[in-house]
Amino acid sequence: GALDHVFQMFGPDRLVFGTNWPVSQPKGEMSVVKGIVYNYFSPKGNEVLAKVFAGNAKRVYKYLNR
């Protein structure tokens, strides 16, 4: 599927979870969208989940803990 293709093309270090919320709301609730992505990446391990859901974005945008 689409997530398989994206994961194969970019790998865990170049993916960041994001949405087009609230524009996408008619297509599904945020919890459903997040659940689909979480269920896909969860079997790949906690390290991959952490990267996709926060770590990569923090690295790319040079997030500073304050």
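Colleague: What makes up the largest nonpolar core in this predicted model?

Modeller: Eight would be the count to look for: Phe7, Leu15, Val37, Tyr40, Phe41, Val48, Leu49 and Val52, 8 residues in all. They count as a core because they are buried nonpolar residues joined through side-chain atoms within 4.5 Å, with buried meaning under 20% relative accessible area.

Colleague: Which helices each supply at least two residues of this core?

Modeller: Helix 2 and helix 3 (46–60) do.

Colleague: And what does Leu15 touch, leaving out residues up to four places away in sequence?

Modeller: Val6, Phe7, Phe10, Phe41, Lys51, Val52 and Asn56.

Colleague: Why are helix 1 and helix 2 called oblique to each other?

Modeller: The axes of helix 1 (residues 2–10) and helix 2 (residues 30–41) cross at roughly 55° and come within 11 Å. Roughly parallel needs an angle under 35 degrees and roughly perpendicular needs 65 to 115, so the pair is oblique. Their crossing is right-handed.

Colleague: Which residues meet there?

Modeller: On the helix 1 side, Leu3, Asp4 and Phe7; on the helix 2 side, Ile36, Tyr40 and Phe41. That contact divides into 5 nonpolar, no polar and 1 charged.

Notes: Residues are numbered from 1 along each chain as its sequence is written. This is a predicted model: local features need pLDDT of at least 70, side-chain atom pairs count only at pLDDT 80 or more; totals for chains, interfaces and linings use all residues. Side-chain values use heavy atoms; hydrogens and water are left out. Axes are lines fitted to C-alpha atoms, for helices over the stretch in contact, and angles run from 0 to 180 degrees between N-to-C directions. Helices (H or I, at least four residues) and strands (E, at least two) are DSSP runs, numbered from the N terminus. Angles under 35 degrees count as roughly parallel, over 145 as roughly antiparallel, 65 to 115 as roughly perpendicular and the rest as oblique. A crossing is left-handed if the near helix is turned anticlockwise from the far one by less than a right angle, and right-handed if clockwise. Contact means heavy atoms within 4.5 Å. Ala, Val, Leu, Ile, Met, Phe, Trp, Tyr, Cys and Pro count as nonpolar, Asp, Glu, Lys and Arg as charged, and the others, Gly among them, as polar. Buried means under 20% relative accessible area, exposed over 50%, partly exposed in between (1.4 Å probe, protein chains only).
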